[in-house]
Amino acid sequence: MNLYIAIEAVLANRMRSVLTALGIIFGVAAVIAMLAIGNGAQQEILEQIKLVGVNNIVIRPIVPQMEENLADEESQKEKEKWSPGLNNQDITSIKETIPGISKISPEIILDTYLINNGIRRTAKLVGVEPSYFDIFNFKLNKGKMFNEYHLEHGEPVCIIGKSIKAKFFPTEDPIGKYIKCGNNWLKVIGMLEERLISSSSISNLGIRDYNMDVYVPIQTMLVRYKNRALVTEEMLRTANRGSSGRIVIIGGESNANENKGSTNYHQLDRLVVQVEESSLMTPTADVISRMLTRKHQDVVDFEIEIPELLLKQQQRTNDIFNYVLGAIAGISLLVGGIGIMNIMLASVLERIKEIGLRLSLGAKKFDIVNQFLFEAMMISVTGGLIGVILGVTIAMLVSALAEIPTVITFTSIILSFGVAAGVGLIFGIAPARKAASQDPIQSLRYE
């Protein structure tokens, strides 16, 4: 009976009820949309963790800036220190010296071009070992992985990304086919599964589009393409003094380009060391740094990164962002609840005669309390339902238009709807008690 009366009262004042529910509608919509954006960001961070690898220490080569006194060339020559750069011998030293190492993955990257079926396109040729695919969670879609024979003899074989297949082999199986990469024809023995990478992951973490890469055994890269370890000390000094510029080794031959002081003498472009325990990452990185500095004749021509620290900082920033957005959404719900209480208090003043009539006809104070509580609950629950629909719509629009990943969960919907119902109950108690405390005789005389 009390519920029926409450429904009639709400329907009799539709405009007022809608305006009262607006605060709840937008509050619930904000909660759902913000949680969806936050969950999407968290999922993207987890994907980034997979991309950069778990428990990885990344060693990148750098070419130190050089300064020399042209007036005293002989003295300067004595002061210069020679470093072999980041090379395969460093890999052996790390494996034999440092405990707790799970895997090591060297990389050599070459910007080149691909030709097949009359199509030419620039791409990256990456020389790797099989451990590379394990560390970065790459899986074969079809074909096979490099074997010992490929690695040892530098065979002209490759594994291609999904986009390479779509571009150069759109209607045929690429396995067993050949593709020209630079000056060499490579046999395709495998194709990787597609790796979905957002544009923000590429920009924030410097991650390239792996789907457009061609992977060859690292020995193939050294034998058939480039091996910067063949550069001699005298060649470097000549290049850095500008007599021959930058030296690039391709297939064992040197090409001079006029780019003074920018010679890259490192054999490897990146070295990824995977540590067994996360707690050992920092001390392991410190040991690697000291060992490489000693092996490179006290020339610090490398930098060590721990991507986990970057991701933790990004997660922290994301958490702060979620707290701020959650606070804003919570304030919206609070304002909506206050609006419900104000409108319901005004409704009590407008309906004093109705309250007095019900009390005089035998209604108990409990019935009056229930009537007004039901009204407040109906407004808030209806507003909550509309808010859920609006929030889901906003989250989908944000994902589609702004290209921001959003994840809508059933938990967020239940949480926001439950908060809306709770707001209606809490903020409806004061008006309900005020209505129930009216004196029936005075209420009937009220004008």
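Cys181 is buried (under 20% relative accessible area, with a 1.4 Å probe and protein chains only), its relative accessible area being 1%. The model is predicted: local features need pLDDT of at least 70, side-chain atom pairs count only at pLDDT 80 or more, and totals for chains, interfaces and linings use all residues. Residues are numbered from 1 along each chain as its sequence is written, and side-chain values use heavy atoms, leaving out hydrogens and water.

**Cysteines**

- Cys158 is also buried, with a relative accessible area of 0%.
- The structure has zero disulfides, a disulfide being a pair of cysteine sulfur atoms within 2.5 Å.
- The cysteine sulfur closest to that of Cys158 belongs to Cys181 and lies 7.2 Å away, which is too far for a bond.
- Cys181 is in no disulfide, and its nearest cysteine sulfur is that of Cys158.

**Helices α4 and α11**

- The axes of α4 (residues 88-97) and α11 (residues 281-295) come within 11 Å and cross at roughly 135 degrees.
- This angle makes α4 oblique to α11; angles under 35 degrees count as roughly parallel, over 145 as roughly antiparallel, 65 to 115 as roughly perpendicular and the rest as oblique.
- Axes are lines fitted to C-alpha atoms, for helices over the stretch in contact, with angles from 0 to 180 degrees between N-to-C directions.
- Helices are DSSP runs (H or I, at least four residues), numbered from the N terminus.
- Contact (heavy atoms within 4.5 Å) involves Gln89, Asp90, Ser93, Ile94 and Thr97 of α4, and Ile288, Met291, Leu292 and Lys295 of α11.

Conventions:
Helix = DSSP H or I, 4+ residues; strand = E, 2+ residues; numbered from the N terminus. Buried < 20%, exposed > 50% of the residue type's maximum accessible area, 1.4 Å probe, protein only.
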